[in-house]
Amino acid sequence: MDKTLMFTVAINGYQRIFSENIESHKRYAQLQGFDYQTVARPNKQSPSVAAWLKVVLVSEALKHGYDWVFFIDADCYIKEQAPSIHSLYTPDKSIYVAKGFSGNFNSGVLIVRNTQMAKLFFRTLLLNCERNVAGQDWGENGHFIFYSRFCKEIQTIAVEWNNNRDPKLQDYIRHYCGDTPMRKLYQFSWDAKVCLWWRYFRNRLQRRLLKLTAPVKPNLKKDLHSALLSCKAYYTVFQ
């Protein structure tokens, strides 16, 4: 039987803000018989490190021999009717991702089958994380879109697997992604609202400062390596 790891990265307060979503992840993982991990440490990371950490951990999980790796953003809710990710299997494809609100790939949900090409793709992202590419932003999604053009094993999957654009859609995963129609529909608690607004203004300031200094992130590889070491210390699935 295939060994599957499902995980989310919920640092900088996301483990509290989206606790209901995370509970839906745990239920799905238990139902499907997957290993599951909420990565809530190391906390208080920059927006760039928080975004890129998923790439590091997917790569690490593939290296450790998981047959499938299922990453899902903390602001995603999995519904009970969601089928198994293994139903997406196609022999010549290994990275399964949907297109989001922008019409481009959205890396908030990544379903990855362990192949040499998949390993190479995520290593390529990490090797080039400090390099400027067309369409890049403060996180990893721009790099994912750019380098996906060179990977033949990426399969576009139905928006039902990562719906951040259509509230009326009968979806499997509802992605309450910022700057999309979905975010306003999420029922935040009062504590979560305070935490979210604080994160919003802090991140806006950090992103502005990054743009004022340089478009590249000269210390990102070093920061990601430190974050990975912390994850290995805290979470056995990455050891």
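## The second largest pocket

The lining of the second largest pocket consists of seven nonpolar, two polar and five charged residues. These assignments, like every value in this report, refer to a predicted model. The pocket has a volume of about 270 Å³. Its lining comprises 14 residues, and those closest to the centre of the pocket are Val56, Leu126, Lys221, His225 and Leu228.

Three helices each contribute at least two residues to this lining: H3 (47–63), H4 (116–127) and H7 (220–234). The largest share, six residues, is supplied by H7.

The model contains seven salt bridges. One of them joins Asp73 to Lys54, with the closest N and O atoms 3.4 Å apart. Asp73 belongs to the loop between strand E3 (68–72) and strand E4 (76–78), whereas Lys54 lies in helix H3, so this pair ties together parts that are 19 residues apart in sequence.

Lys54 also forms a salt bridge with Glu140, at 3.1 Å from N to O. Glu140 is in the loop between H4 and helix H5 (141–148), and the pair links distant parts of the chain, 86 residues apart. Asp73 is buried, at 17% relative accessibility, and Lys54 is buried, at 6%. Glu140 is likewise buried.

Glu23 and Lys26 form another salt bridge, at 3.5 Å from N to O. Both residues lie in helix H2 (residues 19–32); because they are three residues apart, about one helical turn separates them. Glu23 is partly exposed, at 37% relative accessibility, and Lys26 is also partly exposed, at 37%.

Key. Residues are numbered from 1 along each chain as its sequence is written. This is a predicted model: local features need pLDDT of at least 70, side-chain atom pairs count only at pLDDT 80 or more; totals for chains, interfaces and linings use all residues. Side-chain values use heavy atoms; hydrogens and water are left out. On a 1 Å grid over the protein atoms alone, a cavity is a set of points where a 1.4 Å probe fits but cannot get out, and a pocket is an open set with protein on both sides within 12 Å along at least five of seven lines; lining residues have an atom within 4 Å of a point. Grid points are joined across faces, edges and corners, and a volume is the space filled by probe spheres set on the points. Helices (H or I, at least four residues) and strands (E, at least two) are DSSP runs, numbered from the N terminus. Ala, Val, Leu, Ile, Met, Phe, Trp, Tyr, Cys and Pro count as nonpolar, Asp, Glu, Lys and Arg as charged, and the others, Gly among them, as polar. A salt bridge is a side-chain nitrogen of Lys or Arg within 4 Å of a carboxyl oxygen of Asp or Glu. Buried means under 20% relative accessible area, exposed over 50%, partly exposed in between (1.4 Å probe, protein chains only).
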